[in-house]
Amino acid sequence: MNGLASDDIQQAANSMLISQSIVGSTLVFICFAINGHIDIKSVLFGVIISILPTQLGMQMANFKVKVLGVFNPKSLAVTNITTKWAYTALLFISVIHFSSVSYTEMLLAYVVTTLAHLITPAFS
């Protein structure tokens with residue numbers, strides 16, 4: 001049972017990674033094409049902040065299933081969400097503190113890339 005659950009979580013993580021990568025790389029390409037009006041570094045940070053915590057949350061849930069043998073959907077969802085939001089906050093604070101980026105462009109790229117979850121079912 002744990003192997004099947006782990007495979008399902010990994011498949012969901014891969015589907016989300018594909019959809020977010022497609023949307024994020026398209027967004028970065030568009031910003032690169034109209035260089036001069038949009039800060040590419042800000043957009044790239046927004047895309048990374050959207051993708052990385054999502055993957056870390058899914059991998060933490062996968063870890064709980066594989067190693068700890070936990071298969072409680074509510075517990076896995078709480079682990080995923082808690083991990084995702086903790087790393088999202090940590091990355092936002094780090095980028096804002098240590099880098100000079102355009103906050104509105106970074107936040108817009110984050111939101112657009114996060115909205116890629118809506119097209120994730122097309123990749124599963």
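This is a predicted model: local features need pLDDT of at least 70, side-chain atom pairs count only at pLDDT 80 or more; totals for chains, interfaces and linings use all residues.
Me: Where do I start? How many helices and strands are there in the protein chain?
Reply: Start with the elements. The protein chain has four helices and zero strands. From the N terminus on, the order is α-α-α-α. The C-alpha trace spans about 55 × 30 × 15 Å along its principal axes.

Me: Which residues of α3 are buried?
Reply: Buried means under 20% relative accessible area. In α3 these are Leu76, Thr79, Asn80, Thr83, Lys84, Thr88, Phe92 and Val95. For the protein chain, 36% of the 124 residues count as buried.

Me: What is the idea behind a nonpolar core?
Reply: In soluble globular proteins, nonpolar side chains tend to be buried together. Here the largest nonpolar core has eight residues: Ala5, Ile9, Ala13, Met16, Met58, Ala61, Val65 and Leu76. The largest share, four residues, comes from α1. Another core, of seven residues, lies apart from it; Leu27, Val43, Val47 and Ile51 are among them.

Me: What does Ala5 touch, leaving out residues up to four places away in sequence?
Reply: Ala5 touches Val65 and Phe71.

Me: Which residues form the nonpolar patch on the surface?
Reply: Leu44, Ile48, Leu52, Leu56, Tyr87 and Leu90 form it. Together they have about 500 Å² of accessible area. α2 and α3 each supply at least two residues. α2 gives the most, with four.

Me: Take Leu56, in helix α2. Why does Leu56 count as partly exposed?
Reply: Partly exposed runs between the buried limit of 20% and the exposed limit of 50%. Leu56 has a relative accessible area of 33%, so Leu56 is partly exposed.

Me: Now a loop residue. Is Ser99 buried or exposed?
Reply: Ser99 sits in the loop between α3 and α4. Ser99 counts as buried because its relative accessibility is 17%. Not counting residues up to four places away in sequence, Ser99 touches Lys41, Phe45 and Ser94.

Me: Last, the surface. How much of the accessible surface of the protein chain belongs to carbon and sulfur atoms?
Reply: The accessible surface comes to about 7200 Å². Carbon and sulfur atoms hold 73% of that.

Key: Residues are numbered from 1 along each chain as its sequence is written. Side-chain values use heavy atoms; hydrogens and water are left out. Patches are made of residues with over 30% relative accessible area and no salt bridge: like charges are joined within 9 Å, nonpolar side chains (Val, Leu, Ile, Met, Phe, Trp, Tyr) within 5 Å. Accessible areas come from the Shrake-Rupley method with a 1.4 Å probe; for residues, only the protein chains shown count as cover. A salt bridge is a side-chain nitrogen of Lys or Arg within 4 Å of a carboxyl oxygen of Asp or Glu. Buried means under 20% relative accessible area, exposed over 50%, partly exposed in between (1.4 Å probe, protein chains only). A nonpolar core is a set of buried Ala, Val, Leu, Ile, Met, Phe, Trp, Tyr and Cys residues joined through side-chain atoms within 4.5 Å. Contact means heavy atoms within 4.5 Å.
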